[in-house]
Structure formats: structure tokens, C-alpha cells
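Q: Take me through the helix packing here, one piece at a time. I'd like to know what sits against what, and which side of each piece faces in or out.

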Amino acid sequence: MDYKRVLTIQDISCVGQCSLTVALPIISACGVETGIIPSAILSTHTAGFTGFTFRDLTADIPEIEKHWIKENIKFDAVYTGYLGSTEQIGYVKSIMDTTGKEDALNIVDPAMADNGKLYPLFNDEYVSAMKTLCAKADIVIPNITEACFLTDTEYKEKYDESYVKSLCDKLHALGAATVVMTGVGYKADKTGVVVSENGNAEYYEHKKISKGCHGTGDVYASAFCGALMRGKSKFDAARIAADYVVKCIENTQGDESHWYGVKFETAIPDLIDMLK
Ligand code: PXL
């Protein structure tokens, strides 16, 4: 079996089922080796918990990079998520250059916003830096809100295909070769994902269960990376990741105490089946 090695850079939220605590198990479950760089350590994620701790690990990154260069450690893909600081984005761009194999894919989930708003710790400066990271990306995986911030477009709750096409076109103009846009829905009970590249866009529509479950963007991007590294096409990886997220939400629905994330672990056997 083809064996791939991915580097993922995102925070460790010690509790909350997001970022590295979902990326590592999901990509590993796909049969893909997963190296990590924690961008920051938080006691919980920032979406609903209050009083969380936050330790920025920006200063560690150039040291890790130096060591990996010495050891000639290389990856088939570098996949980034929630980052710890604006300054860190510069280091992440350097790591893509120094630790990616010659044909490595740079996959950027600009995890910074949802439902029309930036997450609590981010500002305009971070958005500007994230634009430069997306410019280096082979694949970007934004939701509609993130696409709006990255392209200085007004956020809309209701939109049509031409609005989504213009967001994709602007992201391509920024430098992103492929856009995988999540949470794109044109009907009340439906949502879906658009895969846009080389002047072509394909849409996979699926059922919408509930509005805005925490961490599903990270679950989605991780499953997408895992499936892509297992040799699936971008569209098939986008479809598999969407079906997996739907299953995760279904397995969580009805448990009011589980408001902070999805029970992604319970659907890992389904994800493995989808990869067969
Ligand atoms: O799921 C995205 C995410 C990742 N990491 C942290 C977050 C969030 C969303 O709010 O707060 C720390």
C-alpha cells in the first residue's frame, strides 16, 4: 500500500474535539502517518467556553524546523488549521518550503471564522497574513465566512451560485489553485461542498442536520486530507469528508450535554469503510 506522511500544524485544544485532537486520530485512521506541530495549547477551544488558557508556541516553530532540516525530515503534504499568531504564519510558510517533498501539497484550512464572524482571538492583521498563506496553497478549505474575510466580500446568509462562483474566483486570484468550500447550501434542508479548480466547479449536496456544530470544519478538513492522501480524487475526498461529517453529527444529535463538538470517534469505522 502507498504510505504517505502528512504534517499538520494547528492548536491543541485539550478539551473540545477540534484541531489536533481530531486531525491526528482521523488522518491516522485513514492509514496516513501524521507528524504534528502544535501552534498553541489551550485548555479548551474558544467557541463557547470562557476563561480558557492560551499558550502561544510560535517561538518553538523555527527550532523544530531547524532540527527537521538537519534530520532531512520531509512530508507528502503540509496541512494547516488554527494557528497561534500572525507572526507564526511566516514560519509556517517557511516550513512548507523546507519540509515539503518536491511534489508536496500545501493544504490550508483558514480556520478563523464562522457564521459571519471572526473567532475571538483573531483580527484584521491575522486575516491579511492568512491571505498570504492561502496564496501558497495548492488547496484551501474555507467555509463561506472565511472565504468572505479572505476576499473582502460582504457575508450573506442567503446567496446564489454566482455569489459562490465569485468567492471561488477571488480565492483563485489570491493564488489558491483548488478551492474546497464547505457549508454551501441553496435550500433550507441542504448544505454541501464546492470543489473549484482550473475554471471548473463541481458541487456535492448533502443533508443539513443542524446549524453550526463546533469542530466540524476541522473534522471535515482532516478527513479530506486523509482521503486525498489515500489516493482519492479531490472531489471524492470532498464527498467522503462530507458524508463522514454528516455521520458524526447524526451520532451526536440529541445529546444536549455534548454542545462543544461532535462524537467523531464513533464514526471512524464508517470513514474507514468509505475509503475502501
Ligand atoms: O474548530 C476551530 C477551532 C480550533 N481551535 C480553536 C478554536 C476553534 C474554533 O473556535 O477556538 C482554539
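A: Let's start with α2: the cover over its buried residues includes β1 (5-15), β2 (33-44), β4 (75-80) and α3 (86-99). Keep in mind that this is a predicted model. The buried residues in question are Ile61, Glu65 and Trp68. Looking down the axis of α2, you'd find them within an arc of 65 degrees, so they line one face of the helix.

As for its geometry, α2 takes in residues 60-71, and its 12 residues should span 16 Å at 1.5 Å a residue; the end C-alpha atoms are 17 Å apart, which agrees. Just past the helix, Asn72 has a positive phi of about 55 degrees.

α3, which is part of that cover over α2, also has a helix partner, α4 (residues 124-135), and the two axes come within 9 Å of each other. They cross at roughly 10 degrees. Angles under 35 degrees count as roughly parallel, and α3 and α4 are therefore roughly parallel to each other. On the α3 side, the contact is made by Thr86, Ile89, Val92, Lys93 and Met96, while α4 brings Glu125, Tyr126, Ala129, Met130, Thr132 and Leu133. Sorted by type, the residues of this contact come out as seven nonpolar, two polar and two charged.

Now for α6. This helix runs over residues 161-174, and its 14 residues reach 20 Å from the first C-alpha to the last, close to the 20 Å expected at 1.5 Å a residue. Tyr163, Val164, Leu167, Cys168 and Leu171 are buried in α6. They cover an arc of only 135 degrees around the axis, which puts them on the same side of α6. Among the elements covering those buried residues are α5 (144-151), β9 (178-181) and β10 (190-197).

Around the other side, the face of α6 turned away from the buried one carries Glu161, Lys165 and Ala173, which are exposed. Just after α6 comes Gly175, whose phi is positive at about 130 degrees.

Conventions
Residues numbered from 1 in each chain as written. Predicted model: local features only at pLDDT ≥ 70, side-chain atom pairs only at ≥ 80, totals over all residues. Heavy atoms only, no water. Helix = DSSP H or I, 4+ residues; strand = E, 2+ residues; numbered from the N terminus. Expected span 1.5 Å × (residues − 1). Buried < 20%, exposed > 50% of the residue type's maximum accessible area, 1.4 Å probe, protein only. Arc of directions from axis to C-beta. Contact = heavy atoms within 4.5 Å. Axes fitted to C-alpha atoms, helices over the stretch in contact; angles between N-to-C directions. Parallel < 35°, antiparallel > 145°, perpendicular 65-115°, else oblique. Nonpolar A, V, L, I, M, F, W, Y, C, P; charged D, E, K, R; others polar.
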